[in-house]
Amino acid sequence: MLLSRTLLRRHNVLPGFDLALGFALLYLSLIVLIPLSAAFLRTFALTWPQFWDTVTSPRVVASYRLTFGASFAAALVNAIFGLIVAWVLVRYPFPGKRVVDALVDLPFALPTAVAGIALTAIYAKNGWIGQWLPFKVSFTPLGVFVALVFIGLPFVVRTLQPVLEDVNRELEEVAATLGATRWQTFLRVIFPIVTPALLTGFALAFARALGEYGSVIFIAGNLPMVSEITPLLIITKLEQYDYAGATAIAVVMLVIAFVLLLAINLLQAWSRRRTGGH
């Protein structure tokens with residue numbers, strides 16, 4: 001046992017593990033754990049009935065429904081179309097490919113306020129796209145969904161691209177040799193390999209959408225009980241100096257988001273074990 005520990009230390013690629021782990025935990029505590037703990041502690045200023053009344057008021061519940069529903073739907077759409085975009089960028093050469101690849105990162109580069117204003121102008125009733133649509137987009141829950149799709153797409157595409165590039169083409173050739181159609185090859189050979197990365201991209205897009213504020217408030221219209229998102233309610237309570245109420249709503253969002261992301265991560269781990277990944 002002592003010899004194995006000595007060999008492990010001798011062949012460790014990164015020396016100073018204990019020190020590095022200590023710095024990592026300290027950094028995570030300062031950046032993540034302490035602020036989150038402060039949010040929980042702040043809610044202790046409220047009694048349980050006050051806390052429950054704050055987080056279950058009809059206006060707050062409506063904002064939960066819109067925020068989580070639109071975020072989940074946007075992440076799901078991005079997972080589908082992000083896979084298609086990543087597949088095209090990896091597998092097919094075409095004119096303007098570098099431009100398209102750069103456009104994928106545009107939501108990263110644009111300030112969220114600029115994105116919100118641009119989307120509002122485009123999808124307004126007199127906008128470039130909105131004037132041709134038979135339904136209203138700007139200042140509706142649909143506008144929230146559109147904004148969240150816009151900001152979430154790069155997370156899925158950039159997560160899938162390296163995995164698709166590493167897929168062994170020989171597996172596809174073997175499947176074709178055995179008589180599999182292209183659709184069967186994709187579903188039974190390629191899709192199981194990229195599923196963990198797809199779930200990761202979905203989780204990242206979903207988490208990003210939950211906290212999005214700048215691009216949504218412009219296109220949403222912020223109508224109470226209709227198109228008002230939860231982050232806006234938190235900001236509103238902070239402006240009213242209701243810090244306990246703001247942190248109470250934030251804690252509920254944090255707990256629900258953590259449970260959903262944990263479920264996605266467990267599904268991702270199960271998918272990796274099922275496909276033989278590590």
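Tyr-241 sits in the loop between H12 and helix H13 (243-275), where helices (H or I, at least four residues) are DSSP runs numbered from the N terminus, as are strands (E, at least two). This is a predicted model, in which local features need pLDDT of at least 70 and side-chain atom pairs count only at pLDDT 80 or more, while totals for chains, interfaces and linings use all residues. Residues are numbered from 1 along each chain as its sequence is written, and side-chain values use heavy atoms, with hydrogens and water left out.

Though not a glycine, Tyr-241 has a positive phi of about 60 degrees. Tyr-241 counts as exposed because its relative accessibility is 64%; the cut-offs are under 20% relative accessible area for buried, over 50% for exposed and in between for partly exposed (1.4 Å probe, protein chains only). Met-225, also not a glycine, has a positive phi too, near 70 degrees. Its loop runs between helix H11 (214-220) and helix H12 (230-239). Met-225 comes out at 49% relative accessibility, so it counts as partly exposed.

As for the overall fold, the protein has 13 helices and zero strands. Its C-alpha trace spans about 65 × 60 × 30 Å along the principal axes. Of the 278 residues, 37% are buried. Take the contacts (heavy atoms within 4.5 Å) between residues at least 6 apart in sequence: 75% of them join residues at least 24 apart.

Now for the inside. A nonpolar core here is a set of buried Ala, Val, Leu, Ile, Met, Phe, Trp, Tyr and Cys residues joined through side-chain atoms within 4.5 Å. The largest one holds 40 residues, and Tyr-64, Leu-160 and Leu-164 have the most contacts inside it. Two or more residues of this core come from each of helix H3 (48-55), helix H4 (58-91), helix H8 (141-166), helix H10 (182-210), H12 and H13. Setting aside neighbours within four places in sequence, Leu-164 touches Ala-86, Trp-87, Val-90, Arg-91, Ile-190 and Val-194. There is also a second, separate core of 16 residues, with Ala-70, Leu-119, Val-144 and Ile-229 among them.

Back in helix H2 (residues 17-42) lies Gly-22. Gly-22 counts as partly exposed because its relative accessibility is 38%. Gly-22 and Lys-237 are 215 residues apart along the chain, and their C-alpha atoms are separated by 37 Å.
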